[in-house]
Amino acid sequence: MQETVLLVEDDDSIAEMLGQVFEKAGYRFRHCASGEEALTRVKTRPPSVVLLDIGLPGIDGLEACRQIRQISQLPIIMLTARDTEIDKVVGLEIGADDYVTKPFSPRELVARVKAVLRRSTETSTGRKVVEVEGWIIDLDRHHVRFGDGLPVTPTAKEFDLLWSLAENAGLVLSRAQLLEAVWGYDYFGETRTVDVHVRQIRKKLDGIPIETVWGVGYRLGAS
Ligand code: CA
């Protein structure tokens, strides 16, 4: 089945360029120029993935992302123009799956789209659960709970990070290994991205045994 990419961007030249790139890569490409329109599309004819620019007329991309998350779990990649925007995407609870900074290479963006689509297929077909010191990390349901407690659903990235640690429970993973595992080989993000996500996980899952191994990285569960 052909997958649909919805670009939300008010800059027509970027839209035209990406339209050609994605169609050539075998995707169906749709474009709209505002967050309000994007929400309507997601409700009526949901795409496979949304590429969401932050600087938009009307509601901005961050707000659009929050609103889409209230109605849908489809993958969202933010397009950011400035470092201050990256901090917002990474630090706020908007629920984006990934982000790229402008100017981006079209090839990199296509690779990111492939990666988020692959991940969303894997998680919907995988049936795996890992238990670490009473914490149950459920890949199938994409949630985490302690014992018989209520399940908590972290953002997609937070979950991927936790899952990497859970699969290697008791072992120390470096920030670089985690970046590679969660954001992909061609990800040029900084290691602070990992720290920000770990902080969010600890906040949401109070008492989760993620240990900071100074100068090395992180470990889930006792060694
Ligand atoms: Ca824009």
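# Close-up views of a predicted model

**View A. Asp195 is partly exposed, with a relative accessible area of 21%.** Buried means under 20% relative accessible area, exposed means over 50%, and partly exposed lies in between (1.4 Å probe, protein chains only). This model is predicted: local features need pLDDT of at least 70, side-chain atom pairs count only at pLDDT 80 or more, and totals for chains, interfaces and linings use all residues. Residues are numbered from 1 along each chain as its sequence is written, and side-chain values use heavy atoms, with hydrogens and water left out. Asp195 meets Arg175 in a salt bridge, 2.7 Å from N to O. Arg175 lies in helix 7 (residues 175–183) and Asp195 in helix 8 (residues 192–204), so the pair ties together parts 20 residues apart in sequence. Elsewhere, salt bridges that share partners join Glu9, Asp53 and Lys102 into one network. A salt bridge is a side-chain nitrogen of Lys or Arg within 4 Å of a carboxyl oxygen of Asp or Glu. The structure holds ten salt bridges. Helices (H or I, at least four residues) and strands (E, at least two) are DSSP runs, numbered from the N terminus.

**View B. Glu9, Asp10, Asp53 and Gly55 coordinate the calcium ion.** The donor atoms are OE of Glu9, OD of Asp10, OD of Asp53 and O of Gly55, at 2.2 to 2.9 Å. Glu9 and Asp53 link distant parts of the chain, 44 residues apart. Glu9 sits in the loop between strand 1 (4–8) and helix 1, and Asp53 in strand 3 (residues 49–53). Glu9 is buried, at 1% relative accessible area. Asp53 is buried as well, at 4%. Donors are N, O and S atoms within 2.8 Å of the metal (3.2 Å for Na, K and Ca); water is not among the atoms, so sites may look incomplete.

**View C. Asp53 also pairs with Lys102 in a salt bridge.** Their closest N and O atoms are 3.0 Å apart. This pair spans 49 residues, from Asp53 in strand 3 to Lys102 in the loop between strand 5 (98–101) and helix 5 (106–125). Lys102 is partly exposed, at 25% relative accessibility. A cis peptide bond joins Lys102 to Pro103, with omega about -5°. Pro103 is found in the loop between strand 5 and helix 5. Most peptide bonds are trans.

**View D. Arg69 and Asp97 form a salt bridge.** The closest N and O atoms are 2.9 Å apart. Arg69 lies in helix 3 (residues 61–71) and Asp97 in the loop between helix 4 (83–91) and strand 5, so the pair ties together parts 28 residues apart in sequence. Arg69 is buried, at 17% relative accessibility. Asp97 is buried too, with a relative accessible area of 10%.

**View E. Phi is positive at Glu133 and at His142.** Most residues other than glycine have a negative phi. Phi of Glu133 is near 50°. Glu133 lies in the loop between strand 6 (129–132) and strand 7 (135–138). Glu133 is partly exposed, at 48% relative accessible area. Phi of His142 is near 60°. The loop between strand 7 and strand 8 (143–146) holds His142. His142 counts as buried, at 18% relative accessibility.
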